[in-house]
Structures are given as C-alpha cells and as structure tokens.
Amino acid sequence: MINNANSIACSYLHNQICDNFDELHKWFCGMAAQLNYPIYSSYDIRDSGYKITNVDANIFPAGFNNICPTDKETSVDLFKKYIRMHYQFPVKKILMITEEHTKNPYYLENIATISDLLSQGGTEVRLAFPKDLPEVLTLESATGRKVQLGSGFESSDWVRDFKPDLVISNNDFSFPIEDWSAQLTTPMNPPRELGWYQRKKSRYFKNYNQLTNDFAKIIKVDPFLLRVETEEFSEFDINSDISRDQLATQVDQFLNKLKIKYAEEKISQEPFCFVKNNSGTYGLGVVKVNSAQEVKEWTYNARKKMKAAKGGKSIEQVIIQEGIPSVVTSEQASAEPVIYMIGSELAGGFLRTHADKSSTESLNSPGAVYKKLCVTDLYDSRARCPEENVYGWSAKVGLLAIGLEAKDMNVEFSKYTKASCGSI
C-alpha cells in the first residue's frame, strides 16, 4: 500500500491541477500535437514532500510485467489507439527488437507482456534480436512462459517470412548497432536515434525543467515544486585526478546554490546530489554525493560504479542532479512511483520499493521489489486519487520533454503522423 502522508506538495499540487484542469489539458494536448513522441516511455518519480519531480525517463522501458493488472487491460486499447492515430497504413504485423538478454527471465517476462498487449489488440507479433542468429531461440521467462526470438535482419527467414508493417524497439541502443540499422527498411518506433548511444540526460532535463515553468504558471504554483536542478559535467575521466577535482568544485558550487535556495524555501533538508552517467540506463553509473570532499575521496566501489556503463562502455560525461529524498513508503520500505505511458496517455505504474535503501538513496538497484500502483484509478475519479494524478502529470511533462528532446536532436519518426493527444 502506498503511503505519502508527509507529502504536503502532493495534496497542494493535486488541488491546483484539478482547479486548472481544463487549461492544463489544453496546453498539454496543444504541445503534444506539435511533437513526435514514442509509442511508450516510463518515468521514475520522486516525492520529497516539498517537491515532486521525475528523475529519470526511459524511452525503451522494461518492466511492463510489473504494472497494475487493470492497467494492463487498458493498455491494449491504448496501444491500438496510438498505432491507429500515428500510422496512416494498416499495421497487422509487428516485429519487436529486444535487448540481447538470454539469461534474464524478468526481462523476458517484460517483452512477453508487451507482446501480449499488442497481440490482444489484433496484431501479430514476433520477437527478434538485432543480430544474426543461426536458428530461432526458445527461452523461458520468470513465470515459465516460452519466448521465441529470431534474427532481426530482414534477410533472415524469421523476418522475411513474417513481413512486418512496423518495428517496435525495446532495445535501448546503448550502442548504435549500425550493421543492423543500415539494412532496416521498415519504420521503427521508438527510433534508434533516441538510443543511449547518443541521447543525453542533460538535454532531457533541460527541456523538462523549462516545461515545468509553463506547467507551474498554468496551475499557479512556484516552479520549484516541480523542478529537479541538473547540471552537465562534460569532461569526466574517473582515472584523472584533475577531472575529479574539477567535478568536486562543480559539486561544491551546486550544493551551495541548493543550500541557499532551500533556506529561502524554509526547507530543513540538507542538500545532496547524485552524479549520474549522462547516457545510461539500468541504474548504472549513479553515485550519491553529500559533499565535494566525497568526490575527491571516492572509494574503490564508488569509482567502480562510475567507471563503466552497460556493456562495459566507458563513462565520459556525467550530470550533477539535485537529490530528491522520498517520503513515499510501502510496508515501511522506501518507495518511489514509476509511471508508464503509451503515447501521450497514462498507461500504468508500480511502486519500486527497497527495504535495504534509505529515503535518500537510489532504489533502482538489485533487491528492489515492485508493488501495486494503478493509474487506471484516475479514469474513475481524479478527485479521489491525488498521488496518481500528480505523479501522472510529472510523467506527462516528461513525455513532452522527450518530444522536445527528439526535436532538438532532429530525430525522424519514419512514416509517423502527428496527431492531437488522446483524452485524459
């Protein structure tokens, strides 16, 4: 059960959102209609009691198997609606390109769940790795389901015999995989070019924070309640004393600015921050920092965390991000909501909990447990669901930030048609 009893910000923002809902809805739909946005996305939300913001956004989300069961039911129609709105040709067959995980049964459960949601909407789905495979693999998910994956190359029998109309990617492209992408002729969503091989968190949070200014103006609140302060540090080398000293100096300045702001806002929380890989996922390359001195004295384990990202890729840029403690708990464990979107609409969610982590630590780490949080409650009564409402709107602002990010990067969505957002 979710508990955020200490969140003054949540109830206040909820009331302001409800009081200004029509104008907010108009703003959101107007923005969404001008942007290209992916078929799905997910957002890690932190509620500190004095502000609510999202601290991570994933364009190729795993974890669909963890969303609320009733949310899964509504997701079937949301997938159908998105495809119908944004593709002006029949989409009968979908090829899903996945991560190359053969020994992660929970990831396999995720792709099996997405495949089910698409299939229940009337499309035929095949799963594939973006590589050559001598034969089709049959793997087993966490619940014992058999999952078949073949080669994603269009010359392979697995794809040639299938003739997909659309490719949906659940591979985050931490590496560009150019040999596979060069031969692809079928439109893909999300586009490979939004992958982590070139995506930057600093760009996303720049857009997110700018959007919170507009959002705050509409609902008549201080943007501080919605922002997460974020700065880029572009010359990162974990093995360089000079680089770490420069990072420590910027961290010191960053924390001092937060301390002044917190004093103005009468917030007793001692500022802290996270140093995060600027292009990374899976909770890798993330270290909590309380002071500049900690950066200079990073332990072996801290240095190891910041040395390499997914696939052993070196970390060359980082962001310094305001630490947002969480007042959300579930059965006395620290928790944070994770909200999933399909297109521009809320699709699902869950609480990520971790009994061994404090309220100021990253919860996206081994040992996390996922608990129920249903955004479909909003369809029945927005007024009775303040948490889902406020957390959901943080995700929606994040979706717009991704759309602006894609625009900044000049990323094309092949054969995609812009459309006004669905009903909220």
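**Aromatic pairs and an open sheet**

Me: What is the relative accessible area of F64?

Reply: F64 is buried, where buried means under 20% relative accessible area, exposed over 50% and partly exposed in between, for a 1.4 Å probe and protein chains only. The model is predicted, so local features need pLDDT of at least 70 and side-chain atom pairs pLDDT 80 or more, while totals for chains, interfaces and linings use all residues. Residues are numbered from 1 along each chain as its sequence is written, and side-chain values use heavy atoms, without hydrogens and water. The relative accessible area of F64 is 0%.

Me: Which residue forms an aromatic pair with F64?

Reply: The structure holds 23 aromatic pairs, that is, Phe, Tyr or Trp rings (for Trp the six-membered ring) with centres within 6.5 Å; planes under 30 degrees apart count as stacked, over 60 as edge-to-face and the rest as tilted. The pair of F64 is edge-to-face, with 5.0 Å centre to centre and 75 degrees between the planes. It links distant parts of the chain, 276 residues apart. The partner, buried at 2% relative accessibility, is Y340.

Me: How many residues apart in sequence are the parts tied together by F350 and Y370?

Reply: F350 and Y370 form an edge-to-face pair with 85 degrees between the planes. F350 is buried at 2%, whereas Y370 is partly exposed at 36%. F350 lies in strand 16 and Y370 in strand 17; strands (E, at least two residues) and helices (H or I, at least four) are DSSP runs numbered from the N terminus. The pair therefore ties together parts whose separation in sequence is 20 residues.

Me: Why is one side of strand 10 and of strand 12 left without a neighbour, and what is their place in the sheet?

Reply: Four strands form an open sheet in the order 10-13-11-12, with antiparallel pairing; two strands pair if DSSP finds at least two bridges between them. Strand 10 and strand 12 each have a single partner strand, so one side of each lacks a neighbour. Their place is at the edges.

Me: Which residue of strand 12 stands opposite F274?

Reply: Strand 11 covers residues 273–277, and four bridges join it to strand 12. The two strands run antiparallel. The residue opposite F274 is K288.

Me: Over the ring of which residue does the charged end of K396 sit?

Reply: A charge sits over a ring if NZ of Lys or CZ of Arg is within 6 Å of the ring centre and within 35 degrees of the ring normal. The charged end of K396 is 3.9 Å from the ring centre. The ring belongs to W393.
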